Amino acid sequence: MRQTVAGPAQAPRATEPASPEVEVELELAGVRHGFGELKVIDRLDLRVGRGETVAVVGPSGCGKTTLLRIVGGFTPATSGQVILDGEDIGHLPPNMRNTKMVFQSYALFPHMNVRKNIGFGLKLQKWPKEKIDDRVDDLLSLVQMEGLGDRTIDRISGGQQQRDPDRRGDQTRDSRPARRRGALFG
Ligand SMILES: Nc1ncnc2c1ncn2[C@@H]1O[C@H](COP(=O)(O)OP(=O)(O)O)[C@@H](O)[C@H]1O
Ligand SMILES: [Mg+2]
């Protein structure tokens, strides 16, 4: 895992993938972002290699979540480019990007049980119910939560609640855990 430093206290610097042979999957070029007078990200260059895991570290309020939101498409950068697999995706909304974001707050639907929370994105994509059920079973078993699918959100532990959005980040793609392929943990 590679660490990248964000925030005004330690100016972000250009970084290259850990190994020069690794193909660049995600590139941020000259990304800036501010809220009014507040400069949060001041020209960040970052290259992430395919399969590489990068942790962005820095003090609270330095812009880590803002950076992930920019990559995920939830916050447009003031300027600069976000390039994924060679394509500038800066203009695309979150649902049109091949990225997944697991938010710091669990963002679970309180009126739905665990199964429905996990399968929600697939339902929106109009997957047939049986296929959703199979997929949700697989994901529950992946995080050792078999048997908890029918529980309401307030009847599972904090750690289990955290695993639920992690599975939600997984559900629409392949069977590898979200943290192993292009997911953003904010
Ligand atoms: N929507 C917003 N409007 C105004 N200021 C914001 C907004 N979101 C974040 N900020 C400010 O931007 C800075 C970076 O926030 P954030 O990216 O959430 O920090 P971190 O995740 O590193 O703790 C903070 O000073 C925060 O108060
Ligand atoms: Mg944050």
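1. Start with the sheet. Four strands form an open sheet in the order β3-β2-β5-β6, and the pairing is antiparallel. The strands β3 and β6 stand at the edges. Each has a single partner strand, so one side of each is left without a neighbour in the sheet. Keep in mind throughout that this is a predicted model.

2. Next, look at how β2 meets β5. Strand β2 covers residues 24–35. It pairs with β5 in the antiparallel sense, over five bridges. E27 stands opposite I83 in β5. L28 has V82 in β5 as its bridge partner. As a rule, the side chains of a regular strand alternate between the two faces of the sheet.

3. Now move to the other side of β5. Two bridges join β5 to β6, and these strands run antiparallel.

4. What do β5 and β6 form together? They form a hairpin, with two residues between the strands. D85 lies in that turn. Put another way, D85 is in the loop between β5 (79–84) and β6 (87–88). Its phi is positive, about 50 degrees, although D85 is not a glycine. Is D85 buried or partly exposed? D85 is partly exposed, because 13 other C-beta atoms lie within 10 Å.

5. K126 also deserves a check. Its phi is positive too, about 65 degrees, and K126 is not a glycine. K126 sits in the loop between α2 (114–124) and α3 (129–142). K126 counts as exposed because it has 7 other C-beta atoms within 10 Å.

6. Turn to the ligand. Which residues are around ligand 1? They are F35, L38, V40, G58, S60, G61, C62, G63, K64, T65 and T66. Two elements give two or more residues to this shell: β3 (38–49) and α1 (64–72). The largest share, three residues, comes from α1. By type, the shell divides into four nonpolar residues, six polar and one charged.

7. The largest nonpolar core has 17 residues. Among these, V31, L67, I70 and V82 touch the most other members. The elements giving two or more residues to this core are β2, β3, α1 and β7 (100–102). Which element gives the largest share? It is β3, with five residues. A second core is separate and has six residues, including V114, I132, V136 and L140. In soluble globular proteins, nonpolar side chains tend to be buried together.

8. Finish at the start of the chain. R2 is found in strand β1, residues 2–5. How far apart are R2 and V54 in sequence and in space? They are 52 residues apart in sequence, and 4.7 Å apart in space, C-alpha to C-alpha. R2 is partly exposed, because it has 15 other C-beta atoms within 10 Å.

How values were computed. Residues numbered from 1 in each chain as written. Chains lettered and ligands numbered in written order. Predicted model: local features only at pLDDT ≥ 70, side-chain atom pairs only at ≥ 80, totals over all residues. Buried ≥ 20, exposed ≤ 12 C-beta atoms within 10 Å, placed from the backbone. Near = placed C-beta within 6 Å. Nonpolar A, V, L, I, M, F, W, Y, C, P; charged D, E, K, R; others polar. Pairing = 2+ DSSP bridges. Core = buried A, V, L, I, M, F, W, Y, C linked by C-beta atoms within 7 Å.
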